[in-house]
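Here are my notes for your reading of this entry, arranged as numbered points. Please keep the structure open beside them as you go.

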Amino acid sequence: MGSPAVKQDRSLVPSAFEYAPAPESRDVVQLEKRYGLFIGGEFVEPRSGEFQPSISPATEEPLADVAYADAEDVALAVTAAREAFDDGWSDIAPAERAKYLYRIARILQERSREFAVLESLDGGKPIRESRDVDLPLAAAHFFYYAGWADKLEYAFPNRTPRPLGVAGQVIPWNFPLLMLSWKVAPALAAGNTVVLKPAETTPLTALLFCDVLRQAEVPPGVVNIVTGDGRAGAEVVKHPDVDKVAFTGSTEVGKEIQRAVAGTGKKLTLELGGKAANIIFDDAPLDQAVEGIVNGIYFNQGHVCCAGSRLLVQESIYEQVIAKLKRRMGTLRVGDPLDKNTDVGAINSKAQLDRITELVAAGEEEGAEIFQPPCRLPEKGWWFAPTVFTNVAQSYRIAQEEIFGPVLSVLTFRTPDEAVEKANNTPYGLSAGVWTEKGSRILSMAQQLRAGVIWANTYNRFDPGSPFGGYKESGFGREGGLHGLEPYMRLE
Amino acid sequence: MRLPVKKTYKLYIGGSFPRSESGRSYEVEGANVALASRKDLRDAVRAAREAFPKWAGMTAYNRGQVLYRVAEMMEGRREQFAELTGSEAEVNSAVDSWVWYAGWADKLGQVLGSSNPVAGPYFNFTVPEPTGVVGVVAPEEPALSGLVARLAPAIVGGNAVVLIASEHRPLAAVTLAEVLATSDVPGGVVNVLTGRKADLCPVLAGHMDVNAIDLAGVDGDRAELERLAAENVKRVVRNGEGQSPWHAAAFLELKTVWHPIGV
């Protein structure tokens, strides 16, 4: 990897005992050699004629060739979605629309192992997480919004909710199927049709999802999936017949999308980056807090927009917390995403690894002190050891910029006011964590932190019923819960 | 014969009534009205940011009473406003609008918030919170009731506002500022600028310390303003007829808090 961050000796594995490999079988996944675009209920050849392989980040092996949509392909998908909307999806009895969504939820549960394995293969996340987090939450999301489909008038007092039309949705690579479900479920429940653009590096579970649509007998054109790179996403965003744009990804791209949508009257929701503070007070239950710190930043290799990437520790417990954290980091198992013992999987792409490596180098150059537990990283694939930086100043890039990797920056504070000040000192405002045993302090901190999700004495919890989304430059609009419906409705 | 004492129509920034720092004015509605500069606008944003925490931190009950107090103060100057607007009905509508939104202050949280039954041992709730500093472009007409219909929903939830008044009918806005100054609305919570919308709106839309912008009062092409608003991911409101708690909701964030349930 060539970074100064990884020059240390990793030959020692400090665990008290070795684990035998426990790989999950890949046999459950049957991949096609290549995938076209899913438009109007069937896979079609891309007009662009372009295909690129989707690559497993853990082994660098090509898994399948995937179509790269161009403007013409996207236009066809939008037309299919418009026709499906006009031909009845918006008029279908809401209770029947609900049943399609219930079917999708059930099929995802039934085929969860297959999806979990494919998610880990294509994206590099540990099977333990795709199995226990991504898949259950994706199915639950469809189940939750299914129930709203025929109850929308109860969600908006004194208003008549109407669907918007065609929703253009662009999703990221960190939780591919889960982000698909966050986008597709509320859109369909509200009576819209969808053109979805999966992330360039993780298209395969979205393509397998097309088979779920087939099994659920969802009418053709209600959900269209156009794979490709950022160009395809841009075409989805700017297509004039798209009524609603929903994007999850970086703040930089989010701003471009907001500019592109300016003046068109399209409804827009953005779920963008974050640089969340995870704040540990001296009365916190420290062992639990350390688990929360680890879950906050090393969950999904830190490829999480709401990751607790800035640790704020009260000065009086600083030494203790750092010692416990380093000890705990030594027990994290980095490696094969399909191994059921793995805690930290592969970095999603070479480009992302380069970005992490660059920012970590900047952290060292600016004067922060780096720690990485000794661990063996596989020869092939893209990896980055769990990393913590101490002696970090607020001005350092590693304290300001979203790294989107397993890299934690530690800052300290003395008073609650100072913690609030430092936590809010960022253009972002997606999430924050607070650890203290004092109830009134939790509520006061929760009130003062300018972020859309506050985890108190826990971190990185998600639920379809719980609204998620940011303040400030972390975006606007909410996904999940009752509040996740409004972005897909016109209120008359 | 007695010569009437004429009023100087000035800006309203941070609770005081300064002239434009540029020293300029423009003649409109038979008066020389302050022509706000870009610097005046930036000063107004600074005043709004400073006023925001106190206003947001007040109890909802208290904010409701302050808005009701605005209605009371306006009621006492109905004749003056009727003279300015030429319509008693418009004044009535503006006063009633304040009363209507005053009553929403301590109900928004109940109507827009929720407690969420998550699948696990957690208590989870969602509350609305003000987004921060809101830029409001008042419609040209009706100069008074149109302005109040945009301003009241923006401040009722705890935001601080920088408002650009009707360019051709600014006197009602300046007179309303005098009402606000005597209604227990803390200085800086509402800042009123008069002048050229073409000069002021782009600065407001592109300002990095403004969290949301209400463009419902902008006539003509708003695309450039929306593009400028993307620079810091502003919440953009494009329209809003009548009165509705959803107009207030457009300037509110939703915060969701999780806590484990255990012994």
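The points below concern a predicted model and go from the domains to the strands and then to the nonpolar core.

1. Chain A is divided into two domains, each built from two separate stretches of the sequence: domain 1 takes in 4–22 and 274–456, while domain 2 takes in 34–272 and 471–491. The centres of domain 1 and domain 2 of chain A, taken over C-alpha atoms, are 30 Å apart.

2. Where the two domains of chain A meet, 28 residues of domain 1 are in contact with 21 residues of domain 2. On the domain 1 side, the residues that touch domain 2 comprise 12 nonpolar, 11 polar and 5 charged ones.

3. Strand β13 of chain A, residues 310–314, deserves a look, since 5 of its 5 residues are buried. In a regular strand the side chains alternate between the two faces of the sheet. In β13(A), A:R310, A:L312 and A:Q314 lie on one side and A:L311 and A:V313 on the other, and both faces are covered.

4. Which strands pair with β13(A)? Strand β12 of chain A (residues 277–280) runs parallel to β13(A) and is joined to it by 4 bridges, with A:N278 standing opposite A:L311.

5. A separate point concerns an open sheet of 3 strands in chain A, which has the order β1-β5-β4 and mixed pairing. Its edge strands are β1 (34–35) and β4 (51–55) of chain A, each of which pairs on one side only. The pairing of β1(A) with strand β5 (residues 62–67) of chain A is parallel and rests on 2 bridges, and A:R34 stands opposite A:D65 in β5(A).

6. The largest nonpolar core has 260 residues, and those with the most contacts inside it are A:L101, A:I279, B:V161, B:L163 and B:L193. Helix α4 of chain A (residues 127–148) gives the largest share, 11 residues. Why does this core lie between domain 1 and domain 2 of chain A? It does so because both domains give residues to it.

Conventions
Residues are numbered from 1 along each chain as its sequence is written. Chains are lettered from A and ligands numbered from 1 in the order in which they are written. This is a predicted model: local features need pLDDT of at least 70, side-chain atom pairs count only at pLDDT 80 or more; totals for chains, interfaces and linings use all residues. Domain bounds come from an automatic or database domain assignment. Two residues are in contact if their C-beta atoms, placed from the backbone, lie within 7 Å. Ala, Val, Leu, Ile, Met, Phe, Trp, Tyr, Cys and Pro count as nonpolar, Asp, Glu, Lys and Arg as charged, and the others, Gly among them, as polar. A residue is buried if 20 or more other C-beta atoms lie within 10 Å of its own, exposed if 12 or fewer, and partly exposed in between; C-beta atoms are placed from the backbone. Two strands pair if DSSP finds at least two bridges between them. A nonpolar core is a set of buried Ala, Val, Leu, Ile, Met, Phe, Trp, Tyr and Cys residues joined through C-beta atoms within 7 Å.
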